[in-house]
Amino acid sequence: MSLPSRRGGRRGRRLSVLLGNASDLVLGDAFRSWTRNLRTVTPALGTMWLLLVLAGLFTLGALAARNLVQRESRDASVVHVYLKDGVADQDVATLTARLRRDPGVASVRSVSKEEALRSARSRPGLPALAGDASTNPFPASLEVRLHSLADAGRVAGTAARDPAVDPAFPTSYDAGSYQRLQSFVTSVGLVLAGLLLLLTLVATVVTVNGIRAAILGRRDDIATMHLVGASGWMIRGPFVFEGALTGSLAGLLAAAVLVAAFAGLQDVSARTFSQLLPGVDWRAAGICAAGVLAGGAMLGSFASLIGVRGLRA
Amino acid sequence: MVSPTTTPDPPAIRLDGVSFSYGRVLALDNVSFSLQPGELAYLVGPSAAGKTTVLRLLHGQLRPQRGSLIVDGQELGRARARKLRRVRHRVGVIFQDYRLLRRLTAAENVAYTLRVVDLWLPRREALSRANAALEAVGLSERANSFPHQLSGGQQQRLAIARAIAAAPTVLLADEPTASLDSVEARRVLALFELAASGGTTVLVATHNAEEVARSHRRVIGLSDGRVAWDRVLSRSA
């Protein structure tokens, strides 16, 4: 019978051994523990998976909603500047040049009286009016496309004061409707951001509680690690890495569900000739899935860090 | 009675007028004794005499409310966490409830403590030393078993292997033979003798009168939180 001896001779102090031990005590220990105790983290894993799937689907929906609103906003960002009858070409050219120099203006296109009439005939309700009139009642105009809906009022106001513009009915700009659309766009953005924030908060709180419950189930181990002289990082490190593993697995499963759901929606869209997720393509869905995966890893690590804080023997 | 002044070496363990209460219940009252390096002593007494409290104080799990406490040259009374950790790296403990890491195998339990104590110790060497410690307690065939797969006696032997593996300067054992049969108990006590002969200071809390009587070692008797007697049992006793 013999006992282990005290530090036999001088051993080389290799940094690689130190780093290997440190990483094994954190990463290796975490991986071994995680694979052996997967059952205890299953509730947290399930919760995170569900929340990440919801967050992913919500993000896809929010992207589609944003695209839709942006498209509507882009369509609304067109102001027609109506020209006086018989205005000189030189005056129209001067006004056109001035509008093009405006940083808020994307493009200016001239619309003749004839084109305005043709366009009116294609609109519901207007063909009869256009046909009954003995003369062409529609004025020539400049179609001014803006970069932002917010510039509409300023650009319309500037154009209205130009001598080439019809003083009775200068532009198509209606302050009320533009403001309503502007506030709708802002409200939609705020609601989407708020919902995403709420979902993130709920996901974090639920995950922290789930992982904390799993950690509390192992408080005896934590106490023992303290008692054998383990440092704080040796105790917290494995739990944080285990959280990252749990989060990554939840994120991977959620990303798979997300991709499958997107593929399903694309298939339905193709068969019904409709756009269920307007403007959302495979690239956006891929980025969203990658975000869910990364979010899972971060959420798991963060939740574990919070969960293990303050746990003492 | 061994006097701490008989040798020039500073004592490995010294309690000087230590008192401790759990709330209003006085557990230790003005306890003083010291152990020289390489000395093996038994701490005996009835239940609630204060044996486990003494060991917990010596391991830094509790702080004395009065008096001073020195372990391996370090005053533990007001030691900060880092200093406490450093002392724990040199003190092996066999807990009454074993305190094994459930998620690790027997060999990993021992190797984990070895690497916590010495981060420069290569993994392979840690496992090799862990296996040597397991062999010393007769548990080498269960090296890959998890604690829940071991009997109470085997868990106790694993706890002993973990405590002795790092060759500590001080070894504290709380009822280390409680779950062992007489053959295993004798084997464990022989290990303690071997550790003491190698320079480790060993303090064993026990209520096993038979093993104490056979030891011919110093015995410190506690009663109602006080040192009731402190003597070396002679071979004729």
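**View 1. Buried residues of helix α8 in chain A of the predicted model.** Helix α8 of chain A spans residues 219–227. Its buried residues are A:Asp221, A:Ile222, A:Thr224, A:Met225 and A:His226. What lies over them? The cover of these buried residues includes α9 of chain A. Just after α8(A) comes A:Gly229, with a positive phi of about 95 degrees.

**View 2. Packing of helices α2 and α9 in chain A.** Two packed helices are described by the angle between their axes and the distance between the axes. Helix α2 of chain A covers residues 38–76. It packs against α9(A) at an angle of about 40 degrees. The two axes are 8 Å apart. The crossing is right-handed. On the α2(A) side, the contact residues include A:Val41, A:Leu45, A:Met48, A:Trp49, A:Leu52 and A:Gly56. On the α9(A) side, they include A:Thr246, A:Leu249, A:Ala250, A:Leu253, A:Val257 and A:Phe262. By class, this contact has 17 nonpolar residues, four polar ones and no charged ones.

**View 3. The largest nonpolar core, and a second one.** The largest nonpolar core holds 121 residues. Which residues have the most contacts inside it? They are B:Leu43, B:Val110, B:Leu134, B:Ala161 and B:Ile164. Helix α9 of chain A, residues 232–272, gives the most to this core, with 14 residues. A second core is separate and has 16 residues. Among them are A:Val79, A:Leu95, A:Val144 and A:Leu146.

**View 4. Surroundings of B:Val110.** Neighbours within four places in sequence are left aside here. What does B:Val110 then contact? Its partners are B:Ala130, B:Ala133, B:Leu134, B:Ala161, B:Arg162 and B:Ala165. Both B:Leu134 and B:Ala161 are also listed with B:Val110 among the residues with the most contacts inside the largest core.

**View 5. The contact between chains A and B.** Chain B brings 27 residues to the contact, and chain A brings 25 residues. Five helices of chain B give two or more residues each to the side that touches chain A: α2 (81–90), α3 (106–117), α4 (123–136), α5 (152–165) and α6 (182–197). Which element gives the most? It is α4(B), with five residues. The chain B side divides into 16 nonpolar, three polar and eight charged residues.

**View 6. Positive phi at B:Ala48 and B:Tyr98.** Most residues other than glycine have a negative phi. B:Ala48 has a phi near 65 degrees, a positive value. B:Ala48 sits in the loop between β3 (40–44) and α1 (51–58) of chain B. Phi of B:Tyr98 is also positive, near 65 degrees. B:Tyr98 lies in the loop between β6 (91–94) and α3 of chain B. Buried or partly exposed? B:Ala48 counts as partly exposed because it has 13 C-beta neighbours inside 10 Å. B:Tyr98 is buried, with 20 other C-beta atoms within 10 Å.

**View 7. The two chains side by side.** Chain A has 10 helices and three strands. Chain B has seven helices and 10 strands. Of the 313 residues in chain A, 30% are buried. Of the 237 residues in chain B, 47% are buried. Take contacts with a separation of 6 or more: residues 24 or more positions apart account for 86% of them in chain A and 66% in chain B.

Conventions. Residues are numbered from 1 along each chain as its sequence is written. Chains are lettered from A and ligands numbered from 1 in the order in which they are written. This is a predicted model: local features need pLDDT of at least 70, side-chain atom pairs count only at pLDDT 80 or more; totals for chains, interfaces and linings use all residues. A nonpolar core is a set of buried Ala, Val, Leu, Ile, Met, Phe, Trp, Tyr and Cys residues joined through C-beta atoms within 7 Å. A residue is buried if 20 or more other C-beta atoms lie within 10 Å of its own, exposed if 12 or fewer, and partly exposed in between; C-beta atoms are placed from the backbone. Helices (H or I, at least four residues) and strands (E, at least two) are DSSP runs, numbered from the N terminus. Two residues are in contact if their C-beta atoms, placed from the backbone, lie within 7 Å. Axes are lines fitted to C-alpha atoms, for helices over the stretch in contact, and angles run from 0 to 180 degrees between N-to-C directions. A crossing is left-handed if the near helix is turned anticlockwise from the far one by less than a right angle, and right-handed if clockwise. Ala, Val, Leu, Ile, Met, Phe, Trp, Tyr, Cys and Pro count as nonpolar, Asp, Glu, Lys and Arg as charged, and the others, Gly among them, as polar.
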